[in-house]
Amino acid sequence: MPVGAGDLLRHRSFVLFLLSRSLSRFSSQIAAVAIGWQIYALTGSAFDLGMVGLVQFLPTALLVFVAGHAADRFERKRVMQLCQLAEALTALFLAVNTYMGWLNEVQIFIATFVIGIAGAFESPATGALLPLVAPQGSLQRATAISSGAAQIAVITGPALGGLAYVFAPSLPYAIIVAFWLAGAILTGGIHTMAQAALRPDASSDDDLFAGVRFIRSNPAILGTISLDLFAVLLGGVTALLPIYARDILQTGPLGLGILRAAPAVGALLMTVFLARHTINSHVGLRMFQAVIVFGAATIVFALSQWMWLSVLALALLGAADVVSVVIRFSLVQLATPDDMRGRGGAVNFLFINASNQLGQFESGITAALFGTIPAAVLGGVGTIAIALLWMKLFPTLRHVEKLE
């Protein structure tokens, strides 16, 4: 029997999961605004903005298989808690050093690297925990609601981060210390279904790389996560937002927060729709259509000289992206056995981080070489081209009809 959105929101462990995940997302978005603005204020360099993404991605690339194995070997909510505590301590370091006037770009990069390590372990554990919290048959709707709750944090987080930075550069970091600590407490109250154990007859090497082999053998899953990788790698404009805010749209830290929140507004509206109306047919084709819209919205944003149009384009970009997120996450989790969800999710997270963090690096490099606006336009065009090419390369994904 289908589980409605109202029933899910009365499920205690699911609500605790939503709150904890949202607080982590809230903290990450505030940190992104504060770190991006500080780096650009200290160096004035598009290249250094891109380096922030690269530094945050490196731990994921180095630890992906270990993190996935940890999510399957240990209790997932405990892994989440430890990561949230580590992130809170790192934010405390940033807050104190910023307040004392000691913080420099090297320290920011080190702190970003530590946050990246915690995120590398937290994300696979979080993704693999959701199927153990959501009632059977409700994963697509639970994913949409979870994405929507996180997007509320993403909407308010950047705006609050920009506003807090105006009052004091150390204030955003003090706020996220409290939120990450609160998230760790909420995570401890989650009760889950039994977590499947790793097979005792499997070698450690097999354990570590089982997720890679599984995804490689499933064309629909491989096509889904690789499409997201290359589309967002080319089309992401997040790293360029400080440049657009200060130099093109002539706004300040609060305007930067609004720009960073705009995709989440569109994403939230879409998740509200998807929570009530699940995608019941042609899901593969819908994903390709969403990526094409994502690329087109990127081009509009790249060329815009008006704040209202830039915000509107980013909101449309966010709405298209969440369709991809719901389809990708549901497809991967439903097709993966529970004892391998951590390792499969870790590979998925590697692809996501490669698209987001390496996308920031790519944006910074191309902006430094060709200019900000040409780099963003090329990214949007490249995203559309990738979607059209992937429709030919992965017909299995294009013909996926249903998720649940």
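Biologist: Where does leucine 63 lie?
Modeller: Leucine 63 is in helix α3, residues 46–73. Helices here are DSSP runs of H or I with at least four residues, strands are runs of E with at least two, and both are numbered from the N terminus. Keep in mind that this is a predicted model, where local features need pLDDT of at least 70 and side-chain atom pairs count only at pLDDT 80 or more, while totals for chains, interfaces and linings use all residues. Residues are numbered from 1 along each chain as its sequence is written, and side-chain values use heavy atoms, with hydrogens and water left out.

Biologist: OK, and what does leucine 63 touch?
Modeller: Ile117 and Phe121, if you don't count residues up to four places away in sequence. Contact means heavy atoms within 4.5 Å. The C-alpha atoms of leucine 63 and isoleucine 117 are separated by 7.8 Å, although the two are 54 residues apart along the chain.

Biologist: What does leucine 63 count as, in terms of accessibility?
Modeller: Partly exposed, because its relative accessibility is 23%. The cut-offs are under 20% relative accessible area for buried and over 50% for exposed, with partly exposed in between, using a 1.4 Å probe and protein chains only.

Biologist: Zooming out, how many helices and strands does the chain have?
Modeller: There are 16 helices and zero strands. Of the 404 residues in the chain, 58% are buried. Looking at contacts with a separation of 6 or more, 89% of them are between residues 24 or more positions apart.

Biologist: Which residues touch the most other members of the largest nonpolar core?
Modeller: Phe14, Ile35, Leu130 and Leu314, out of 106 residues in that core. Helix α2, residues 12–43, gives the largest share of this core, with 13 residues. A nonpolar core is a set of buried Ala, Val, Leu, Ile, Met, Phe, Trp, Tyr and Cys residues joined through side-chain atoms within 4.5 Å.

Biologist: What's isoleucine 35 touching?
Modeller: Leaving out residues up to four places away in sequence, isoleucine 35 touches Val52, Leu94, Ile108, Thr112 and Tyr173.

Biologist: Switching to packing: at what angle do α4 and α5 pack?
Modeller: At about 155°, with their axes 8 Å apart. So α4 is roughly antiparallel to α5. Axes are lines fitted to C-alpha atoms, for helices over the stretch in contact, and angles run from 0 to 180 degrees between N-to-C directions. Under 35 degrees counts as roughly parallel, over 145 as roughly antiparallel, 65 to 115 as roughly perpendicular and the rest as oblique.

Biologist: And how do α4 and α7 cross?
Modeller: Their axes cross at roughly 165° and come within 8 Å, with α4 covering residues 76–100. That angle is why α4 is roughly antiparallel to α7. The crossing of α4 and α7 is left-handed, meaning the near helix is turned anticlockwise from the far one by less than a right angle; clockwise would be right-handed. Their contact has 14 nonpolar, six polar and three charged residues. Here Ala, Val, Leu, Ile, Met, Phe, Trp, Tyr, Cys and Pro count as nonpolar, Asp, Glu, Lys and Arg as charged, and the others, Gly among them, as polar.

Biologist: Where is serine 170 found?
Modeller: In the loop between α6 (139–167) and α7 (171–188). Serine 170 is buried because its relative accessible area is 13%. Leaving aside neighbours within four places in sequence, serine 170 is in contact with Ala95, Thr98 and Tyr99.

Biologist: What about the phi of glutamine 250?
Modeller: Phi is near 55° there, a positive value in a residue other than glycine. Most residues other than glycine have a negative phi. Glutamine 250 is in the loop between α10 (241–248) and α11 (253–276). With a relative accessible area of 61%, glutamine 250 is exposed.

Biologist: Last one: what is glycine 284 in contact with?
Modeller: Leu397, Arg398 and Val400, leaving aside neighbours within four places in sequence. Glycine 284 is in helix α12, residues 283–303, and is buried, with a relative accessible area of 1%.
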